[in-house]
Amino acid sequence: MPKFDVAKHDLERLVGKEFTVDEWEDLFLYAKCELDDIWEHEGKIYFKADAKDTNRPDLWSAEGIARQVRWALGMLRGLPRYSIEESNVMVYVDENLKDIRPYGVYAIVEDLELDEEALKQIIQLQEKVALTLGRKRKEVAIGTFDFDKLSPPFYYKAVEPQKIKFIPLNCEREMSADEILEEHEKGKEYGHLIKGRPYYPLLVDSEGNVLSMPPVINSETHGKVTEETKSIFIDITGWNLETIMLALNVIVTALAERGGKIRTVRVIYKDFELKTPDLTPKEFEVDLNYIKRLAGVELTDKDIKDLLERMMYEVDFVDRRVKLRYPAFRNDIMHPRDVLEDVLIAYGYNNIEPEEPELAVQGKGDDFVDFENAIRDLMVGFGLQEVMTFNLTNREAQFDKMNIPEEDIVEIENPISQKWSALRRWLLPSLMEFLSQNTHEEYPQRIFEVGKATLIDESRETKTISESKLVVAIAHPKVTFTEAKEILDSVLRHLGAEYTIREIEYGSFIPGRAGEIIVEGKKVGIIGEIHPQVLENWGVEMPVAAFEIFLRPFYKGSFL
Amino acid sequence: MELSYQEKVTLIKLRELKKASFDELVKETGLDQVAVMRAILWLQSKGLAKLHEKQKRVVKITELGEKYAKIGLPERRALKLLVEKGKVTLEDLREVLSEDELRPIIGILRKEGWATVRKEDDVLTLELTEKGKEALTKERPIDIALKVLAEKREVEAREIEELLSLKELKTRKIGEEDAKAEREVEITDEGLRIASEGLELKEEVSILTPELIKSGGWKNVEFKHFNIHAPVKRLYPGKKQPYRTFLDKIRRKLIEMGFIEMTVESLIETQFWNFDALFQPQNHPARDWTDTYQLKYPKYGFLPDETLVERVKASHEHGWITGSRGWGYKWDPRTAMLLMPRAHATALSARQLGKGVQIPGKYFAIQRVFRPDVLDRTHLIEFNQVDGFVVGETLTFKHLLGILKRFAVEIAGAKKVKFLPDYYPFTEPSVQMSAYHEELGWVEFGGAGVFREEMTKPLGIDVPVIAWGIGIDRLAMFKLGIDDIRYLFSYDLKWLREAKLVW
């Protein structure tokens with residue numbers, strides 16, 4: 001789902017090997033990415049990668065893809081090793097952030113040599129992680145800073161909004177917290193995450209310089225990362241320690257792939273202390289037979305070990321079980337199935353010969369669907385054109401324009417457009433809309449639809465039922481009630497039903513030319529000549545006769 | 001030689017006349033113009049007659065000419081007054097002549113010698129001559145020409161030129177010259193020969209009536225030849241909607257392939273069946289307000305039986321007995337009760353698995369689903385999904401690929417397929433398939449995966465279940481020849497009427 005750009009030359013210097021574009025297309029699959037697009041810019045080739053797995057942020061960057069490719073090709077095996085040392089840098093977390101944005105985790109990556117492309121990747125990865133894993137910064141907000149420009153220790157503080165003032169990123173003047181929320185592009189986008197709280201989160205250094213106001217915006221003046229930056233200080237805030245620690249692991253290991261050395265930071269909370277990042281490998285255990293049984297390809301124990309090592313697992317056999325250790329930048333392994341998928345991806349989906357299962361089963365269509373199709377065939381026999389219209393509609397179309405009082409209708413709380421804000425409870429308005437869009441087309445126009453009308457039924461699991469209905473509308477200069485009744489009469493005779501018509505007053509129809517269709521004492525539909533007021537509402541300048549019936553009452557079960 | 005009634009009548013007349021103009025033939029045969037022309041063309045193609053076309057000069061009456069034919073030429077009107085009064089002044093002539101006619105009148109009357117002109121009391125006075133008196137009952141060539149023109153409206157130039165020069169008519173503005181094609185028909189020697197042998201004339205009919213069949217009268221009539229090339233009225237038959245026919249075809253294919261059809265009673269679904277039963281965590285981004293519709297009314301539905309709900313809850317929270325660690329959050333039944341228009345057909349698979357299935361078994365659904373999108377050329381707000389699953393004790397990943405490939409071959413007519421890793425919250429492993437279509441190239445045609453045990457176990461299924469879905473819209477658009485996806489649900493009657501047959 002996340003899509004991101006990578007440069008071919010950047011990937012290749014990270015892997016340490018060159019490939020053709022076609023080869024890259026296949027290599028991407030190891031990283032669960034699809035090569036979505038290719039373009040050239042100033043003599044360099046760029047790829048758009050479409051990352052399939054929303055739970056694998058470690059794969060959403062050039063560094064991530066390159067790492068997976070190195071392992072998949074056997075250039076490296078087993079757990080990735082990173083140089084990690086302690087620093088004395090400390091961050092103090094204010095307990096008043098408890099209900100605002102309680103957690104922060106931090107790290108330093110040193111000895112970096114960044115160029116434009118590397119910088120682009122760092123920013124892009126931050127954005128993608130904050131967007132997808134971070135649910136648009138709600139769960140994860142990331143800041144990176146030029147560590148050499150800052151003076152530790154740092155303070156993650158809860159500050160009253162009116163006391164906040166700094167120059168936000170991409171601005172020239174100092175702004176207050178409220179100004180940022182109301183005027184700054186990022187403030188408008190993410191301000192809602194802190195707005196209205198008594199305190200806003202603020203990251204400051206020992207000299208009181210504001211580094212950022214998470215999760216909204218960084219400072220323009222303090223610690224901006226550039227191509228000259230050698231050491232990066234990473235700040236990640238959120239609500240769930242596990243999630244932000246994962247995000248931190250993803251970022252620091254990506255930077256380490258560019259030769260950076262990771263330094264831990266001590267994070268001091270009121271009641272406890274953390275040392276972040278924590279790159280201790282995670283553990284999982286699977287049954288070898290489970291993998292073999294579901295894979296469908298012949299795999300020996302050795303094969304499985306080899307494939308898993310190429311997916312960055314450390315593998316130990318203990319009887320029929322496998323003890324696995326996997327990198328701390330992943331947290332998506334919940335079930336042996338997740339390991340199975342890694343085995344298969346390493347094997348290569350396209351190296352597996354597809355085989356259709358031989359199952360002694362017989363197909364069968366739903367009998368009621370067959371019945372609906374038989375009705376469609378019958379209607380076509382009358383020379384009617386079938387139409388397919390949308391179930392989504394709105395109150396106005398269903399009631400006002402049809403000149404009838406409003407009734408209960410299934411309504412959508414968060415429609416994209418008012419036009420599509422309810423589910424239809426009858427089909428005739430859909431056909432009126434169809435006619436209204438074809439007033440320039442030759443008459444006579446004779447149309448029908450077999451479709452669903454969704455009604456409220458409190459007794460059902462979904463409080464609703466979508467009933468199958470037939471609706472017919474005929475428009476031409478000489479049409480009257482009689483023509484609609486002729487078709488109705490014929491349809492009902494073909495269904496073996498005796499019917500009567502009970503005259504009714506109904507706003508949609510001309511008085512004296514409207515009726516309810518009664519079969520075995522029950523109302524099954526409605527017929528009439530459309531009222532000129534309704535025609536005017538729809539902008540149809542042609543008489544229309546119509547009927548609409550429920551189909552379920554006529555269904556007698558399977559024909560055979 | 002087979003000759004139609006009209007051809008025979010025409011040929012008989014031509015035998016008498018040898019040569020005749022088209023108009024003459026129309027008059028003589030008593031047939032209508034179209035029939036005669038058709039007969040002549042057929043006779044010509046059979047070598048029995050020849051049609052010559054030549055230009056002829058004609059004279060047509062002008063508007064002024066028509067007026068003079070009614071009220072008389074100006075000099076005639078002046079003469080009448082002169083005869084009545086003996087002598088008149090120009091002022092007197094105003095009674096019968098218009099201002100335009102007044103100016104040249106003295107010249108004309110003098111030229112004709114009908115009046116003499118002199119000055120009386122300084123006023124120009126015209127006096128009738130003897131010749132004038134006689135002229136009242138005598139017709140001049142111009143009077144005759146006007147009469148002929150008024151009668152026939154168009155006369156051959158030759159005919160007029162026998163009376164007077166065309167120039168004069170033109171100067172008086174009562175006639176104008178024109179060119180006209182004249183068609184003349186001549187019988188050929190072969191035509192003469194056939195006509196002399198005698199032609200049997202039968203009555204001609206245009207419609208074969210039941211009476212003619214019953215009475216045997218058809219044996220004695222000729223059938224009028226139709227112009228079989230003439231354009232005819234456009235008819236619009238009753239038809240199924242083309243996209244419907246396409247969906248029907250896919251449905252039949254799936255049934256042939258051993259799949260059982262699943263249906264559901266409402267287009268509305270609980271989040272429980274749409275998401276929770278599919279092991280999609282309640283904080284999953286796909287469940288966000290912006291990506292999922294919610295209902296304003298009715299708002300909440302019911303959850304299924306308690307045992308099932310408890311299992312789903314346990315599976316989400318800690319993995320239950322599925323071998324999973326679960327999502328590790330507190331599952332909220334209230335969220336699961338929220339109602340929504342169904343967002344994917346996989347919800348039907350979950351329902352079916354919960355209800356119980358044949359093992360082994362194959363199931364499918366063609367289901368209308370809804371997504372909060374903006375309707376445009378490439379997006380629909382509601383569409384049909386083709387989705388299902390295969391369940392069986394011994395199913396493996398290899399079979400999953402096999403099932404997908406079969407769809408590509410059977411439904412898209414693909415020769416080649418390729419598989420890519422993919423991700424669905426409810427399947428692992430997951431695959432996306434691209435199929436190679438001759439005209440479309442590589443098309444993303446479907447996805448599949450093995451349902452996660454966190455999903456199937458709570459539904460009471462202990463064997464592998466392969467879930468699949470096929471993306472039919474691009475194929476449908478290609479088959480129906482459209483590049484705007486909205487035409488799948490076309491509101492354009494013209495397009496529906498003209499749409500090519502699909503089957």
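Which side chains meet in a salt bridge at 2.6 Å, N to O, in chain B? Hi everyone, the pair is Glu382(B) and Arg368(B). By salt bridge I mean a side-chain nitrogen of Lys or Arg within 4 Å of a carboxyl oxygen of Asp or Glu. Glu382(B) sits in strand E15 (residues 382-391) and Arg368(B) in strand E14 (residues 361-370), so the pair ties together parts of chain B that are 14 residues apart in sequence. Strands here are DSSP runs of E with at least two residues, helices are runs of H or I with at least four, and both are numbered from the N terminus. Glu382(B) and Arg368(B) are both buried, meaning under 20% relative accessible area with a 1.4 Å probe, protein chains only.

A word on the model before I go on. It is predicted, with local features needing pLDDT of at least 70 and side-chain atom pairs counting only at pLDDT 80 or more, while totals for chains, interfaces and linings use all residues. Residues are numbered from 1 along each chain as its sequence is written, chains are lettered from A in the order in which they are written, and side-chain values use heavy atoms, leaving out hydrogens and water.

In chain A, Arg70(A) pairs with Glu257(A), with the closest N and O atoms 3.0 Å apart. Arg70(A) belongs to helix H3 (residues 62-72) and Glu257(A) to the loop between helix H7 (241-256) and strand E14 (261-268) of chain A, so this pair ties together parts 187 residues apart in sequence. Both Arg70(A) and Glu257(A) are buried. Arg56(A) and Asp58(A) also form a salt bridge, at 3.0 Å, N to O, and these two are buried as well. Over in chain B, a network of salt bridges links Glu75(B), Arg76(B), Glu112(B), Arg140(B), Asp143(B) and Arg172(B).

Now, the domains of chain A. An automatic or database assignment sets the bounds, giving domain 1 (1-77), domain 2 (82-276), domain 3 (282-349) and domain 4 (367-554). The C-alpha centres of domains 2 and 3 of chain A lie 36 Å apart. Their contact (heavy atoms within 4.5 Å) takes 6 residues from domain 2 and 5 residues from domain 3 of chain A.

Last stop, helix H13 (residues 428-436) of chain A: 8 of its 9 residues are buried, so the helix is largely enclosed by the rest of the structure. Among those buried residues are Leu428(A), Met432(A) and Phe434(A).

Conventions: Buried < 20%, exposed > 50% of the residue type's maximum accessible area, 1.4 Å probe, protein only.
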